[in-house]
Amino acid sequence: MAKIIIYPPTSLILADLVERMGHKSLVAPEAVRDRVTNPEIKSPPLNITPEDPKKGLKYAAVDVPSGVRGRMALIGPLIEEADAGIVLNDPGILTGCAGCNRTNELVRLLIKTKGIPVLDLIYPQDEAEARKFVARIKAFLEGLK
Amino acid sequence: MRITKYIITSPESETLPSDIAMRIYGSKRNINVKETCFGIIINGEEEEVADLVKEIRAMDPTGIFIKDRGFPPGDPRRCRGRRGGGARPGYYMIESESKLLPLISRALASEEKASPGPKDTETILKKRPISIKKLDEIVKEEIS
């Protein structure tokens, strides 16, 4: 079982397909859960502590907006943990989930420069494309076993 | 550790969120269930949720999609009832992806047909007619 970083990190379709095919998907809600369900809430409401933007500094310079560093504090460690990645390139849908296009660009860059196997895809628009989409993900994940 | 998951049904699936909720209530597991317009949210201990996810997937293997959620159901930091209405953050991603779920469901179904699982392969092999050569040998053995 490999750890797969998916982009967008909140994608329902990718998270489901990865788990369905027997691998572990590294997703943003997991990182969020660690913070918001921690009984020791040090920094309400979301428990983002001053340490988090410092962690983000590892991925983005100090002159980059603090929101990027804050988001990278959640997503960055997931990228470090990953054995492989699946990236969806479709600007129409992607700015919403992570809420920041600069973070999205940085996440894509980090996944692609990490030196792990990466599958690049776009969202399918019709049935034939959807079949190819699922078949490519299946072949990619089977190749990792 | 308690975890939360979204269970989202494809718009074309014949399984309703209420069917899934009833199944969970019937299983008598210690799981919190919240029904929503697009599916259900479940919350429980990690091992229990993992078992339940397998059961739920079996209800409609190609029509039910599951993903993690960070916040527990009804959390005041996310619950729109307590934030004065409006869609909660993250809903837009589910909305945009749920439009594609019928396509993915059909693709998964055709993928399953193209490469049947081990059980199906065994059945096909068992049901395959014997070769003419083998039949000829059996006939000769029986006659002699």
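A polar contact is a pair of N or O atoms within 3.5 Å; within protein, one atom must be able to donate a hydrogen and the other to accept it, and residues adjacent in sequence count only if both atoms are side-chain atoms. By that rule, 14 residue pairs are in polar contact between chain B and chain A, both residues at pLDDT 80 or more. This is a predicted model, in which local features need pLDDT of at least 70, side-chain atom pairs count only at pLDDT 80 or more, and totals for chains, interfaces and linings use all residues. Residues are numbered from 1 along each chain as its sequence is written, chains are lettered from A and ligands numbered from 1 in the order in which they are written, and side-chain values use heavy atoms, with hydrogens and water left out.

**The interface**

- Chain B gives 31 residues to the contact and chain A gives 33; contact means heavy atoms within 4.5 Å.
- The two chains bury about 2800 Å² between them, 64% of it on carbon and sulfur atoms. Buried area is the accessible area (1.4 Å probe) that two parts lose on being put together, summed over both.
- In chain B, Arg77(B), Met93(B) and Glu97(B) lose the most area to chain A, together 21% of what that side buries.

**Salt bridges**

- The interface holds 4 salt bridges, each a side-chain nitrogen of Lys or Arg within 4 Å of a carboxyl oxygen of Asp or Glu.
- Asp68(B) and Arg33(A) pair through their side chains in a salt bridge, at 2.5 Å from N to O.

**The chain B side**

- Two or more residues each come from β1 (2-9), β4 (64-69), α3 (91-98) and α4 (101-114) of chain B. Helices (H or I, at least four residues) and strands (E, at least two) are DSSP runs, numbered from the N terminus.
- The largest share, 8 residues, comes from α4(B).

**Ile3(B)**

- Ile3(B) sits in strand β1 of chain B.
- Ile3(B) is buried, at 5% relative accessible area; buried means under 20%, exposed over 50%, partly exposed in between (1.4 Å probe, protein chains only).
- Not counting residues up to four places away in sequence, Ile3(B) touches Arg33(A), Ile42(B), Asn43(B), Gly44(B), Glu46(B) and Val49(B).

**Nonpolar cores**

- A nonpolar core is a set of buried Ala, Val, Leu, Ile, Met, Phe, Trp, Tyr and Cys residues joined through side-chain atoms within 4.5 Å.
- The largest has 36 residues, and Ile86(A), Phe133(A) and Ile137(A) have the most contacts inside it.
- Apart from it lies another core of 20 residues, among them Leu26(A), Ala60(A), Ile75(A) and Val87(A).
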